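Colleague: I'd like to go through this one with you and ask where each label comes from. Could you put it up?

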Amino acid sequence: KVLLIGLAAAMFSNISGAILNGKISETGFYITYLSLVVALTAGYSVIASMVTRTMELLIELMGAFVPVYIVSIGFSTGSNSAEAFYRVIVVVITLIEKILLKVIIPMIYMYLIANIINNMADGKLFSKTCELIKTIVDWLLKGLLSFVIGINLIRGLINPIVDSIKMGTWGKVLSGIPGIGGALNSVSGIVLASGTLIKNAIGIGGVVAIAGICFVPVIKALIVSLAYKLSGAMLEPVSDKRVVNSINSIYVSIVLLMKTLLYAVVFFLLTIAVICSSTNYNIS
């Protein structure tokens, strides 16, 4: 549809201009351009709905995953680590739900609409606004990633050590019991090691589930974005630059949607990886 409409726009802007009156040709172009806008926004809506639903599924998955995972952390490492990392995961879920879904995705839609209007006005109306929106989206994503990395590293450096000191003290108390102290200490070490193994297995299961949920949507968004990019490249030699720029704007918008989804995936994967790594301290 986009290719056909782009060719029709090329006819009005190039061929009809030499035959018909200029105003008639321009009117025909704008009618064709509005048809293009309908096709582009429909395609964008499909991808935006898919990305939104995928992020909602991620939140639902983490809601079911967190209680089991936190219990395994408390069993293998200690209550301080379990409580701290529970708060971290809740913060990450809140960031995705409140900022990525409620702020960034609507801003991407605003970017697309501003670009379409700007192209209709021959790039003289909202060009700086479009650049500003895209810059804000990029900065927000990078800032949130830095925040998630920072909060995970801080929690990972402090809380497991506190629990490790407690476990070490408890181990010395057990080993000091005459006769059975050594056996009790060995049994507690085996229990902690088993708990760590179970915790890591649950973490790997969560990683696989997250990757499984996001794999198909990311591939679909990638294919659709490349299709729009190819359409723009094919139409560039023959069609009006306003048409080509509008097609390129939906390509950029879908890439931003895909980037937002990938950032959400990275937030969860990074959190699980840091938890698995930092809470393995007590296995020795």
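Modeller: Helices here are DSSP runs of H or I with at least four residues, strands are runs of E with at least two, and both are numbered from the N terminus. Lys134 sits in helix H4. Bear in mind that this is a predicted model, where local features need pLDDT of at least 70, side-chain atom pairs count only at pLDDT 80 or more, and totals for chains, interfaces and linings use all residues. Residues are numbered from 1 along each chain as its sequence is written, and side-chain values use heavy atoms, with hydrogens and water left out.

Colleague: How many helices and strands does the protein chain have?

Modeller: Six helices and zero strands, giving α-α-α-α-α-α along the sequence.

Colleague: Why is Lys134 called partly exposed?

Modeller: Buried means under 20% relative accessible area and exposed means over 50%, with partly exposed in between (1.4 Å probe, protein chains only). Lys134 has 30%, so it is partly exposed. For the protein chain, buried residues make up 44% of the 284 residues.

Colleague: What does Lys134 touch, not counting residues up to four places away in sequence?

Modeller: Contact means heavy atoms within 4.5 Å, and by that rule Lys134 touches Tyr111, Val252 and Leu256. Lys134 and Val252 are 118 residues apart along the chain, with their C-alpha atoms separated by 9.3 Å.

Colleague: Which residues touch the most other members of the largest nonpolar core?

Modeller: Met55 and Ile96, out of 67 residues. Helix H2 (22-76), H3, H4, helix H5 (181-235) and H6 each supply at least two residues of this core, and the largest share, 19 residues, comes from H2. Such a core is a set of buried Ala, Val, Leu, Ile, Met, Phe, Trp, Tyr and Cys residues joined through side-chain atoms within 4.5 Å. Leaving aside neighbours within four places in sequence, Ile96 is in contact with Met55, Ile59, Leu101, Ala264, Phe267 and Phe268.
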